[in-house]
Amino acid sequence: MTKQEISHQLWLKSVVGKDLSDGEARELFMISRRERYKKGDKLFDEGEQAVALFLLAEGTVEIGKSIGGGRDRTALASLHAGAIVGEMSLLTKEK
């Protein structure tokens with residue numbers, strides 16, 4: 001998917017957007033900020049207070065958890081286009 005192809009339809013296909021009307025999805029798309037990340041970039045660290053949720057338009061996001069006092073990480077999930085990341089912390093206000 002190229003930058004030009006990203007539209008409000010992505011919201012409609014997401015878990016969060018499945019119950020949205022077309023107009024609501026368009027509104028979310030219009031207020032959303034589009035950002036590009038490179039392989040290895042972090043969206044956020046475990047334990048940080050959430051400031052945003054991320055709707056993955058393309059690529060993959062690896063979710064990991066620190067173990068062993070933070071020295072090592074274990075993979076928990078691999079999420080793909082249409083996935084939402086960071087929403088739980090926003091909804092619960094927990095880190």
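Reply: Lys42 is exposed, at 58% relative accessible area. Bear in mind that this is a predicted model.

Me: Which residue does the side chain of Lys42 meet in a salt bridge?

Reply: Lys42 has a relative accessible area of 58%, so it counts as exposed. The N to O distance is 3.0 Å, and the partner is Asp45.

Me: How many residues apart are Lys65 and Glu46?

Reply: Their side chains form a salt bridge, 2.7 Å from N to O. Lys65 lies in strand β2 (residues 60–67), while Glu46 sits in the loop between α2 and β1 (54–55). The pair links distant parts of the chain, and the separation is 19 residues.

Me: Why are Asp22 and Arg26 separated by about one helical turn?

Reply: The two form a salt bridge, with the closest N and O atoms 2.9 Å apart. Both belong to helix α2. They are separated by about one turn because their spacing in that helix is four residues.

Me: Is Ser89 buried or exposed?

Reply: Ser89 is part of helix α3 (residues 87–92). Its contacts beyond four places in sequence include Glu48, Gln49 and Ala50. The cut-off for burial is under 20%. Ser89 has a relative accessible area of 15%, so it is buried.

Terms used:
Residues numbered from 1 in each chain as written. Predicted model: local features only at pLDDT ≥ 70, side-chain atom pairs only at ≥ 80, totals over all residues. Heavy atoms only, no water. Helix = DSSP H or I, 4+ residues; strand = E, 2+ residues; numbered from the N terminus. Buried < 20%, exposed > 50% of the residue type's maximum accessible area, 1.4 Å probe, protein only. Contact = heavy atoms within 4.5 Å. Salt bridge = Lys/Arg side-chain N within 4 Å of Asp/Glu carboxyl O.
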